[in-house]
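Thanks for coming. I will go through one model today, sheet by sheet, then a helix pair and a ligand site.

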Amino acid sequence: MRTFVIRTFGCQMNKHDSERIAGLLRAQGMRAVGDAGDADVVVFMTCSVRENAVERIRGQVASLKALKTGGRPDLLIAVGGCVGQQEGEGLLRALPHVDVVFGTHNLAHLPALLESAARTRRPTVEVLDSSDTFASDLPSEREHPWHAWVPLMVGCDNFCSYCIVPYVRGRERSRPIGKVVAECERLAADGVVEVTLLGQNVNSYGRDLYGAPRFAEALRRVAATGVRRVRFATSHPKDLSPETIAAMAETPGVCPYLHLPVQSGSDDVLAAMNRHYTKDSYLALVERLYEAIPGLALSTDIIVGFPGETDDDFAETLDVVRRCRFDQAFTFIYSPREGTKAAALTCSVPGDVVHERFDRLVELVQASALEKNRAYVGTVRDVLWEGPSKRDESMLAGRTDTNKVVHAPCPAGHSPQSYAGSFCEVGIEAAQTWFLSGFLSGSLSGFLSGARRA
Ligand code: 5AD
Ligand code: SF4
């Protein structure tokens with residue numbers, strides 16, 4: 001039986017696409033293996049959002065080159081995802097040992113492209129501008145039986161000036177709401193307890209199909225399928241509607257967790273980024289969210305060192321972080337992406353200034369995260385177990401509905417893996433910056449009696 005390995009970089013959409021590729025290859029009679037050394041096919045699902053992804057892939061492919069020249073001439077290397085889409089044929093010049101280059105719109109063709117490369121012994125490239133097939137309509141092999149990624153839409157129309165996504169993922173295209181709901185019903189019947197609805201800009205879901213967004217309705221209908229937890233990403237602040245806030249507040253299955261990228265606190269920088277909101281309107285939105293959704297956890301993305309960012313601009317970003325009480329912030333150093341508007345800006349911020357700002361920001365974000373976590377100590381939370389903790393394999397690791405990682409000792413005689421996909425109440429005893437620790441409440445009735453219910 002032929003074997004494959006998939007290496008995935010980047011966002012949740014890539015993780016989802018990789019699950020679809022695994023499903024497709026398995027449907028061809030292939031088997032997944034853990035190590036590239038044992039694989040007949042190695043697939044790279046690449047990301048070009050921030051780093052120099054070609055360089056990164058070059059390192060990975062170089063290590064396979066030795067395998068290919070050292071007795072495994074039939075090993076096939078395929079590069080897909082955003083780098084494949086962006087570079088196309090050019091990738092073969094940069095990485096001559098690659099056999100197949102494919103893009104973000106033609107996952108379904110990968111088996112045929114691999115077959116053609118194997119038959120002709122020539123590199124095969126196929127990159128399409130768009131596609132009518134959603135990856136979700138393909139077979140899938142889920143990484144976790146209890147969790148599924150469900151795309152609502154692909155692409156992005158926002159053209160934030162720093163961002164490559166609209167160029168590599170194309171225009172916004174929504175899936176019909178009936179298909180999304182039907183898929184979630186099937187998943188629920190198949191034992192999936194958590195779905196994550198995906199899109200670069202889920203709040204505008206449906207606009208292209210129905211003339212007006214239907215994201216709030218999608219949330220309510222997906223929650224009604226019986227899937228216990230509904231998550232989603234990503235939200236653009238300019239499109240987050242009162243209907244969506246109401247759907248989050250009123251629908252028990254929709255997790256009280258929101259990823260709401262702010263990118264910067266400076267109105268000048270936000271305008272240069274083409275974000276279409278101001279610091280004040282973002283702050284007002286956050287206050288409305290905290291008021292409407294009790295216990296909401298909020299995360300964000302922030303870019304440091306956008307061209308022209310002054311000390312005063314950066315001070316506004318720190319102010320936003322202080323005032324928004326973020327549970328988490330993903331912080332990035334600005335990196336010019338060829339082909340974007342911002343790449344033409346020449347007023348770059350010196351590297352040492354950027355790094356100093358970045359460190360101050362990270363410190364503030366960590367303090368905010370710890371403060372939010374401390375409020376959990378002494379409460380009881382519903383936790384969905386994911387398996388063994390990465391820090392200590394004998395411990396259980398899972399997440400609250402607010403996306404907090406929770407660690408707890410695994411009851412004697414059971415393996416942490418056997419808990420994966422099940423829910424349990426946990427009494428939270430301690431808070432760190434990025435995780436909580438506690439005990440399964442069943443075995444801790446003494447602790448429970450003194451605990452406040454969340
Ligand atoms: N440089 C730095 N960060 C970027 N992001 C997107 N493009 C860039 C870039 N060119 C960040 C944004 C976005 C997240 C997914 O990646 O913060 O929200
Ligand atoms: Fe990129 Fe902006 Fe679209 Fe997000 S909303 S994918 S940052 S262009």
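**The six-stranded sheet**

Six strands make an open sheet with parallel pairing, in the order E2-E1-E3-E4-E5-E6. Strand E2 (31–32) and strand E6 (124–126) are at the edges with a single partner strand each, so one side of each has no neighbour in the sheet. Strands pair here if DSSP finds at least two bridges between them. Helices (H or I, at least four residues) and strands (E, at least two) are DSSP runs, numbered from the N terminus.

Some housekeeping before I go on. This is a predicted model, where local features need pLDDT of at least 70 and side-chain atom pairs count only at pLDDT 80 or more, while totals for chains, interfaces and linings use all residues. Residues are numbered from 1 along each chain as its sequence is written, chains are lettered from A and ligands numbered from 1 in the order in which they are written, and side-chain values use heavy atoms, with hydrogens and water left out.

Back to the sheet. Strand E4 (residues 76–80) and strand E5 (residues 100–102) run parallel and are joined by two bridges. Val79 has Val101 in E5 as its bridge partner. Helix H1 (residues 12–27) lies across strand E1 (3–8), strand E3 (41–46) and E5, at about 175° to E1. Helix H2 (residues 53–69) also packs on this sheet, where H2 touches E1, E3 and E4 and its direction makes about 175° with that of E3. Contact means heavy atoms within 4.5 Å. Axes are lines fitted to C-alpha atoms, for helices over the stretch in contact, and angles run from 0 to 180 degrees between N-to-C directions.

Next, helix H5 (residues 110–120). Its buried residues (under 20% relative accessible area; exposed is over 50%, partly exposed in between, with a 1.4 Å probe and protein chains only) are Leu110, Pro111, Leu113, Leu114, Ser116 and Ala117. They pack against H1, E3, E4, E5 and E6. Just after H5, Arg121 has a positive phi of about 55°.

**The three-stranded sheet**

There is also an open sheet of three strands, ordered E7-E10-E11 and paired in parallel. E7 and strand E11 (229–233) are the edge strands, each with a single partner strand, so one side of each lacks a neighbour in the sheet. From one strand to the next, the twist averages 25°.

How many residues of strand E7 (residues 147–151) are buried? Five of the five are, so E7 is largely enclosed by the rest of the structure. His147, Trp149 and Pro151 point one way from E7, and Ala148 and Val150 the other way. E7 runs parallel to strand E10 (residues 194–198), and five bridges join them. In E10, Val195 is the bridge partner of Ala148, and Leu197 is that of Val150. On the helix side, H9 (residues 215–223) lies across E10 and E11, at about 150° to E11.

The axes of helix H12 (residues 279–292) and helix H13 (residues 311–324) come within 11 Å and cross at roughly 10°. That makes H12 roughly parallel to H13, a term for angles under 35 degrees. Residues of H12 including Lys279 and Tyr290 meet residues of H13 including Glu316 and Arg323.

Last, which residues surround ligand 2? They are Cys156, Asn158, Phe159, Cys160, Tyr162, Cys163, Val165, Pro166, Gln200, His236 and Arg275, where near means one heavy atom within 4 Å.

Notes. Angles under 35 degrees count as roughly parallel, over 145 as roughly antiparallel, 65 to 115 as roughly perpendicular and the rest as oblique.
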